[in-house]
Amino acid sequence: MTVLTIATLTLREASRRRVLRSLAVLTVLLLTLSAWGFSRIDAEFGGLTSGEAKVAGSTVLNLVMFGYSLIAALGTAFLAGPSLAGEVESGIALAMMTRPIRRWTVLLGKWLGLVAFGSGFVAVAGVAQFLIVYLTVGYWPPHPVTGLLLLAGQTAALLTLGLLFATVISPMASGIVAVGLFGATWIAGVVGSVGEALGNPSVAQIGVVSRMLLPTDGLWRGAMNAFQDPALLAQIGTGVEESPFLSMAPLTPVYLTWAAIWTLLVLGLAALGFQRRDL
């Protein structure tokens with residue numbers, strides 16, 4: 001009950017922060033721009049065949065969904081820091097710990113609240129985007145639920161990393177470092193894809209290693225594969241490995257298991273760091 005209470009309070013706190021309003025503005029802006037863009041595709045290239053509509057809708061959808069994953073990453077990373085480190089610096093955490101509450105229950109409650117917040121954002125924004133694509137070009141992703149779950153997992157992994165950093169550094173610094181690592185991992189994944197396309201195992205290994213160290217890019221690639229049409233890779237042809245917005249294959253159960261273990265390990269380290277933090 002304590003964990004659920006803290007999770008509820010974390011959700012309420014997140015809803016009052018300015019970062020939520022910024023996320024809402026960015027999301028509405030992206031939805032509006034994507035609706036205009038998809039409508040222009042339909043207007044300029046009217047009479048698209050079903051195959052052409054799938055190629056256009058699938059490719060651009062992955063591009064737009066990357067924007068939502070970036071917004072979710074920014075939002076949750078910059079919420080995780082103030083939610084934990086901010087309360088330590090302000091003295092709220094010290095006042096709370098005078099009660100018979102274990103530190104790990106506070107951390108777990110905040111983590112659950114932030115996960116619920118990030119997952120809710122991904123679900124609402126994703127479904128709204130799917131409807132826009134369907135109404136404009138008639139494309140609906142083949143595995144929308146799987147893709148949204150993977151994006152929610154990506155968000156959970158990054159906010160967990162943000163909580164870990166928040167136990168040792170300032171709120172702003174924890175968000176900056178987490179988002180910086182998110183971007184660096186995505187770039188490393190693109191570099192690895194180029195290495196695979198060029199047949200360079202050494203360069204390709206960069207993407208593999210980065211996705212193991214921080215699974216956000218790997219989960220994003222799995223989401224892309226769930227959103228894109230299965231026949232898309234064959235229709236586009238060679239060179240598709242180099243595209244940062246197309247995924248060659250779905251994620252394996254082994255990698256999904258590793259992503260879950262990674263998140264739990266980082267959460268455990270965050271709990272250990274918070275336990276030793278001087279309040």
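This is a dialogue on how to read a predicted model of one protein chain.

Trainee: What should I know before reading the model?

Mentor: The model is predicted, with local features needing pLDDT of at least 70 and side-chain atom pairs counting only at pLDDT 80 or more, while totals for chains, interfaces and linings use all residues. Residues are numbered from 1 along each chain as its sequence is written, and side-chain values use heavy atoms, with hydrogens and water left out.

Trainee: How many helices and strands are there in the chain?

Mentor: Helices (H or I, at least four residues) and strands (E, at least two) are DSSP runs, numbered from the N terminus. The chain has eleven helices and zero strands.

Trainee: How do I compare the span of a helix with what is expected?

Mentor: The expected span is 1.5 Å times one less than the number of residues in the helix. Helix α5 covers residues 103-137. With 35 residues, α5 reaches 51 Å from its first C-alpha to its last, close to the expected 51 Å. After α5 comes G138, whose phi is positive, near 75°. Helix α11 (residues 253-276) has 24 residues that should span 34 Å, and its end C-alpha atoms are 35 Å apart, which agrees.

Trainee: Which residues of α11 are buried?

Mentor: Buried means under 20% relative accessible area, exposed over 50%, and partly exposed in between (1.4 Å probe, protein chains only). An α-helix has 3.6 residues a turn, so residues three or four places apart point the same way. In α11 the buried residues include Y255, A259, W262, V266, A270 and F274. Over the chain, buried residues make up 48% of the 279 residues.

Trainee: What is L159 in contact with, leaving aside its neighbours within four places in sequence?

Mentor: Contact means heavy atoms within 4.5 Å. L159 lies in helix α6 (residues 144-166) and counts as buried because its relative accessibility is 0%. Leaving aside neighbours within four places in sequence, L159 is in contact with T76, A80, W111, L114 and V115. Take L114 from that list: L159 and L114 are 45 residues apart in sequence, yet their C-alpha atoms are 7.5 Å apart in space.

Trainee: Is T155 buried or exposed?

Mentor: T155 is buried, with a relative accessible area of 3%. T155 also lies in helix α6. With neighbours within four places in sequence set aside, T155 is in contact with A72, T76, G118 and V122. For the chain, take the contacts between residues at least 6 apart in sequence: 81% of them join residues at least 24 apart.

Trainee: How many salt bridges does the count come to?

Mentor: Side chains of opposite charge can pair when their charged atoms come close. A salt bridge is a side-chain nitrogen of Lys or Arg within 4 Å of a carboxyl oxygen of Asp or Glu. The count by this rule is two. R211 forms a salt bridge with D217, with the closest N and O atoms 3.4 Å apart, and both residues are buried. D217 forms a salt bridge with R221, with the closest N and O atoms 3.0 Å apart. D217 and R221 are separated by about one helical turn because they are four residues apart in helix α9. Salt bridges that share partners join R211, D217 and R221 into one network.

Trainee: How many aromatic pairs are there?

Mentor: Rings of Phe, Tyr and Trp (its six-membered ring) pair if their centres lie within 6.5 Å; planes under 30 degrees apart count as stacked, over 60 as edge-to-face and the rest as tilted. The count by this rule is five aromatic pairs. In one of them, the rings of F66 and W220 have centres 5.4 Å apart and planes at 55°, so the pair is tilted. This pair links distant parts of the chain, with F66 in helix α3 (residues 50-90) and W220 in helix α9 (residues 216-227), 154 residues apart. F66 counts as buried at 14% relative accessibility, and W220 counts as buried at 1%. Elsewhere, ring pairs link F130, Y134, W140 and F227 into a cluster.

Trainee: Which residues make the nonpolar surface patch?

Mentor: Patches are made of residues with over 30% relative accessible area and no salt bridge: like charges are joined within 9 Å, nonpolar side chains (Val, Leu, Ile, Met, Phe, Trp, Tyr) within 5 Å. Here V127, L131, Y134, L135 and W140 make a nonpolar patch of about 520 Å². Y134 is in helix α5 and counts as partly exposed at 47% relative accessibility.

Notes:
Areas by Shrake-Rupley, 256 points an atom, 1.4 Å probe, with all protein chains shown as cover.
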